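Please consider the sequence and the structure shown below. The paragraphs that follow lead from the terms to the whole chain and then to one residue.

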Amino acid sequence: MTKNGYDEDFSGAVTAASSVIGPIFPPSIPLIIYGATASVSVAKLFMGGVLPGLLMGVALMVLVFLFAIKYKFERHPFRMAALVRQFFGSILSLITPLIILAGFTTGWFTPTEASSIAVAYSLIIALIVYRTMDWKTFTDCLLESAITSANTLFIIGTSTLFTYVLVKEGASAEIASFILGISQNPAVILLIINVVLLILGMFMEPGAILTLMLPVLLPIVKDLNIDLVHFGVVMVLNLMIGQVTPPFGVCLFIISDVAKIKLDRLYKSILPFLIPLVVVLLMCTYIPGIVTWLPNMLVK
């Protein structure tokens, strides 16, 4: 983006804000963790994330368009021929999520098997078709994956232990009683939960938060008769927005390190992008049909 004349701060903010869409739009690791923990259909959760993901994409596109007009960023005219050429050039990569979704909806494989199939398919097209991976790149990927997996599993492992202590000591029931004591109105309680999850998302890894908070929140949600698919997508969306919220959003630190942008500049540039994300979050929270319509239509 910077090579094409876009401002560094703007480019970093766009990258950070758009990263929120990935874990909402299927396939999604946080939704798999939620589904496994809450005993909810992962296929329904995946379908439930489609419309919110599209809404976020459109909302961010509108904001970027307004920025492009205001700051006179270079805008290339749309050409159908270029779109078709790029589409067919990347079609093998684009069908990767379709393979995973098809397997989920038809029951061909489980979430764990889906990840293995996706990795195997990606390796095949990278090595044989696109030829973008050599032996050194492959070994580097293995090492990076091992380190990332070890970090994530360590966090989830310690979170699981902490969750066990909370449940054993009855803390979950106390927290649930406290929240329900504030109000019995589902709208108010959902707002409180949103605020808590946004704050936690700024400090912690989403998988760890899901492991920690689900035993606390699920009884509350069930008492209020809130659809678990709806709540799952809203919960993950909260956590993802927290990852790009100043001053402690994890994604902001990563973007700052990779793009060599000072954090204070990135904090300022990301703020306008939080507005459409929060608007979509509130829409999904208080209009459940945005989440539940597609899974109820497609997944039985």
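Helices (H or I, at least four residues) and strands (E, at least two) are DSSP runs, numbered from the N terminus. The model is a predicted one, in which local features need pLDDT of at least 70 and side-chain atom pairs count only at pLDDT 80 or more, while totals for chains, interfaces and linings use all residues. Residues are numbered from 1 along each chain as its sequence is written, and side-chain values use heavy atoms, with hydrogens and water left out.

The chain contains 15 helices and zero strands. Its radius of gyration, taken over C-alpha atoms, with a globule rule of 2.2 Å times the number of residues to the power 0.38, is 20 Å; this is close to the 19 Å that the rule gives for 300 residues, so the chain is as compact as a globular protein of that length. Along the principal axes, the C-alpha atoms fill a box of roughly 55 × 45 × 40 Å.

A residue is buried under 20% relative accessible area, exposed over 50% and partly exposed in between (1.4 Å probe, protein chains only). By this criterion, 41% of the 300 residues of the chain are buried. Contact means heavy atoms within 4.5 Å. Of the contacts between residues at least 6 apart in sequence, 73% join residues at least 24 apart.

With 0% relative accessibility, Asn-238 counts as buried. Neighbours within four places in sequence set aside, Asn-238 is in contact with Asn-194, Leu-197, Leu-198 and Leu-281.
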